[in-house]
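This report describes a single protein chain for a reader who has the sequence and the structure at hand. Please examine both before reading the sections below.

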Amino acid sequence: MFSGPHKKVHELFTRKVAEMQTRFEAGEDVAVELHGMLSRWLFNHIRNEDDGYIDSVKAYQRMSANNGIAERDKLKAEVIAQLREERGRRKGWLARLLGL
């Protein structure tokens, strides 16, 4: 459902870590900056971003247990509506980071 944007967030994070690795290999001391970024990102990402998938996973599990097509479609619509509502209420970590 929203795995594409979520995956993009992970790609941006990976890119930032790779940039710090390049700076480190060039002799720059990035330890404090890296530690701070990792601490903030991991805490905020798991708490704010990954937490949003809990309801979706639970709904998917119910859907898998219930093989009825009508029930599956109903649950899928509910999950999509919940995710859209949740996205409208809060910003992702990148938007918060950039002050958007």
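## Burial and surface

In this predicted model, buried residues account for 21% of the 100 residues in the chain. The accessible surface of the chain amounts to about 7400 Å². Carbon and sulfur atoms contribute 59% of that surface.

## Overall architecture

The chain contains five helices and zero strands. Read from the N terminus, the order of its elements is α-α-α-α-α.

Contacts in the chain can also be sorted by separation in sequence. Of those between residues at least 6 apart in sequence, 65% join residues at least 24 apart.

## Helix α2

Helix α2 covers residues 31-49. At 1.5 Å a residue, its 19 residues should span 27 Å, and the C-alpha atoms at its ends are 25 Å apart, which agrees with that expectation.

Which residues of α2 are buried? They are Gly36, Met37, Trp41, His45, Asn48 and Glu49. When the helix is viewed down its axis, these buried residues fall within an arc of 130 degrees, so they line one face of α2. Exposed residues Val32 and His35 are carried on the face turned away from this buried side.

## The aromatic pair

The structure holds one aromatic pair. Its members are Phe13 and Trp41, whose rings are stacked, with 3.8 Å from centre to centre and 15 degrees between the planes. Phe13 belongs to helix α1 (residues 3-25) and Trp41 to helix α2, so the pair ties together parts that are 28 residues apart in sequence.

Are the two partners buried or exposed? Both Phe13 and Trp41 are buried. Apart from its neighbours within four places in sequence, Phe13 is in contact with Met37, Leu38 and Trp41.

## The nonpolar core

The largest nonpolar core consists of five residues: Val9, Phe13, Met20, Met37 and Trp41. Helices α1 and α2 each supply at least two residues of this core. The greatest contribution comes from α1, which gives three residues.

The relative accessible area of Val9 is 15%. A residue counts as buried when this value is under 20%, and Val9 is therefore buried.

How far apart are Val9 and Glu49 in sequence and in space? They are separated by 40 residues in sequence, while their C-alpha atoms are 9.5 Å apart in space. Glu49 is itself one of the buried residues of α2.

Technical notes. Residues numbered from 1 in each chain as written. Predicted model: local features only at pLDDT ≥ 70, side-chain atom pairs only at ≥ 80, totals over all residues. Heavy atoms only, no water. Helix = DSSP H or I, 4+ residues; strand = E, 2+ residues; numbered from the N terminus. Buried < 20%, exposed > 50% of the residue type's maximum accessible area, 1.4 Å probe, protein only. Contact = heavy atoms within 4.5 Å. Areas by Shrake-Rupley, 256 points an atom, 1.4 Å probe, with all protein chains shown as cover. Phe/Tyr/Trp six-rings, centres within 6.5 Å; stacked < 30°, edge-to-face > 60°. Expected span 1.5 Å × (residues − 1). Arc of directions from axis to C-beta. Core = buried A, V, L, I, M, F, W, Y, C linked by side-chain atoms within 4.5 Å.
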